[in-house]
Number of protein chains: 2
Amino acid sequence: MIIDRLYEKVQQNGNSCVGLDTDIDYIPGWLKEKCQSVEESLFEFNRMIIDATEDIASCYKLQIAYYESYGLKGLMAYKKTLEYVKSKGAISIGDIKRGDIAKTAQMYAKAHFEGDFESDFITLSPYMGMDSIEPYMDYMKNKNKGAFVLLRTSNPGAKDIQYISTDSGNHVYDEVGAQIEKLGQQVMGECGYSSLGAVVGCTHVDEGEKIRAQFAKTYFLIPGYGAQGGKGDDVKVYLKNGNGGVVNSSRGILLAYKKVEGGEKRFDECARAEVERMNGDFRG
Amino acid sequence: MIIDRLYEKVQQNGNSCVGLDTDIDYIPGWLKEKCQSVEESLFEFNRMIIDATEDIASCYKLQIAYYESYGLKGLMAYKKTLEYVKSKGAISIGDIKRGDIAKTAQMYAKAHFEGDFESDFITLSPYMGMDSIEPYMDYMKNKNKGAFVLLRTSNPGAKDIQYISTDSGNHVYDEVGAQIEKLGQQVMGECGYSSLGAVVGCTHVDEGEKIRAQFAKTYFLIPGYGAQGGKGDDVKVYLKNGNGGVVNSSRGILLAYKKVEGGEKRFDECARAEVERMNGDFRG
């Protein structure tokens, strides 16, 4: 089960998930000048970040929107980055938040669990219901793949739908979580967590302990750290013995060099220092 | 406003939205033999369908999952098909169901309202909240673009989240609809509908009249007709004087030729006959 591999990576390397939300504007001028195209610039930047962090990162999350925004050339860089992550023996998360049903979902599964855009985990949106999640289960059972379903996200708008109170006294996200945890029973790893995980933002800590206990077998992908305001102590609430979740940071890592004098030339080392700092923040 | 253009197309051509969910297996052997690649086969099939239906279709909806499943080559066919729809003066819907926030949403907007994958409308998923919809509004206000947000879909799993009863006596989808209708006020067209529409399946007719009245300014993209069980009378409940919605059919149109002896050779004519039949079914 892929979740056991992720669990082990966290044990060895720490909780930090490096978010490769790579905007061309993030890339230092000297590197762009060395490259012949947008595609090459995006890939080379990612490659250097991966080389500098592979032994201290739990996984790499690629936000596909950034690559889609550069069209076919951007998606070529997305493909090459995923292949590079794989060649390093590292774990990738395709942050695609797809959500559709039946044959369409099967097509998304084929797109992101095989072929050009193959990744180890993907993210999914549950609004259409559990029949928008089930078509991916076969890959989780038989092909060593996993997914994180949006549960309670880190943005202010999370209240608009996820926090709606239901007539049974829960929030909508409680119902979603219960359905995910139930479906996840089909793909339990030896580590005690399921390969079907959930996205839970760390910006709302008040119900953190409740959520961790309520969905005890669900592994968390945790956004909201750093740029969005979440702190190390906010994250710890969602972990169990230091595991049970990976914590994403994107700009915090990719742009760490901007806080260092002369950092442009060694943006990769600055990224590494930030990942080390993060790991300490969660374990400290 | 793009919604006025769509409204006019429906007045002239009828309600049928041709769903270009093009699977390589749908394409007759003789056409595939004439083509040099998957990319060319997908595009040529789409081109012939478009040529055969442009004067009787309201718009063309491309389900991007089908193209993503063929990787970069598939997405090249997606791009070429969108360009072809545009060159014909027809209206395109990129059925992408993206849903993300802040800069990520801006990147999706750039990806699908400009550049390689530019379409007139896109579909969006609301689970993350209204701040996952707002980043697209600027394109709707200033660049003649529109969107359809998932509200109440046509699949059985719709009950899992969309039908949850809230403590104020509504369904979750009622709350979503109210938020969409409110946000949509910013992009009202002269036709009385907003460029921010909603996806409402026609497979549940019981609350149809209520939904049509409740969201009177919201234009509907209506899936579920044909293959999923919806009938002409089910659709009419969601229309107002024959307008107010476009009705998608994909396999029903693309595979119409399979019901006709010798249909393979003239799959495009069979598609046209099916669109004509559909138009009659909604207006009859």
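Tyr193(A) counts as buried in this predicted model, at 3% relative accessibility. Its ring forms an aromatic pair with that of Tyr219(A), and Tyr219(A) is likewise buried, with a relative accessible area of 0%.

A pair of aromatic rings is described by the distance of the centres and the angle of the planes. For Tyr193(A) and Tyr219(A) the centres are 5.2 Å apart and the planes stand at 90°. Because planes over 60 degrees apart count as edge-to-face, this pair falls into that class. Tyr193(A) lies in the loop between helix 9 (172-184) and strand 6 (196-200) of chain A, and Tyr219(A) in the loop between helix 10 (208-214) and strand 7 (220-222) of chain A, so the pair ties together parts that are 26 residues apart in sequence.

In chain B, Tyr67(B) and Tyr78(B) form a tilted pair. Tyr67(B) belongs to helix 4 (residues 64-68) and Tyr78(B) to helix 5 (residues 71-87) of chain B, and the pair links these distant parts across 11 residues. Tyr67(B) is buried at 0% relative accessibility, and Tyr78(B) is buried at 0% as well.

The two pairs are set out below.

| Pair | Class | Centre to centre | Angle between planes |
|---|---|---|---|
| Tyr193(A) and Tyr219(A) | edge-to-face | 5.2 Å | 90° |
| Tyr67(B) and Tyr78(B) | tilted | 5.4 Å | 55° |

Over all chains, the count of aromatic pairs comes to 28. Ring pairs also join Trp30(A), Phe45(A), Tyr257(A) and Phe267(A) into a cluster.

Charged side chains lie over aromatic faces too. Arg212(A) is placed over the face of Phe220(A), 4.0 Å from the ring centre. In chain B, Arg152(B) lies over the face of Tyr173(B), at 5.8 Å from the ring centre.

Helix 3 of chain B (residues 38-53) has 16 residues, which at 1.5 Å a residue should span 22 Å; the end C-alpha atoms are 23 Å apart, in agreement with that value. Buried residues in this helix include Leu42(B), Phe43(B), Phe45(B), Met48(B), Ile49(B) and Ile50(B), and among them are also Glu44(B) and Asn46(B).

An unreviewed UniProt entry places the feature "active site" at Lys97(A). This residue is in strand 3 (residues 92-98) of chain A and is buried, with a relative accessible area of 7%. Apart from residues up to four places away in sequence, Lys97(A) touches Gln63(A), Thr123(A), Leu124(A), Ser125(A) and Leu150(A), together with Lys97(B), Gly99(B), Asp100(B) and Met128(B).

Note on methods:
Residues are numbered from 1 along each chain as its sequence is written. Chains are lettered from A and ligands numbered from 1 in the order in which they are written. This is a predicted model: local features need pLDDT of at least 70, side-chain atom pairs count only at pLDDT 80 or more; totals for chains, interfaces and linings use all residues. Side-chain values use heavy atoms; hydrogens and water are left out. Rings of Phe, Tyr and Trp (its six-membered ring) pair if their centres lie within 6.5 Å; planes under 30 degrees apart count as stacked, over 60 as edge-to-face and the rest as tilted. Helices (H or I, at least four residues) and strands (E, at least two) are DSSP runs, numbered from the N terminus. Buried means under 20% relative accessible area, exposed over 50%, partly exposed in between (1.4 Å probe, protein chains only). A charge sits over a ring if NZ of Lys or CZ of Arg is within 6 Å of the ring centre and within 35 degrees of the ring normal. The expected span of a helix is 1.5 Å times one less than its number of residues. UniProt positions are given in the numbering used here, feature names are shortened, and annotations may be inferred rather than shown by experiment. Contact means heavy atoms within 4.5 Å.
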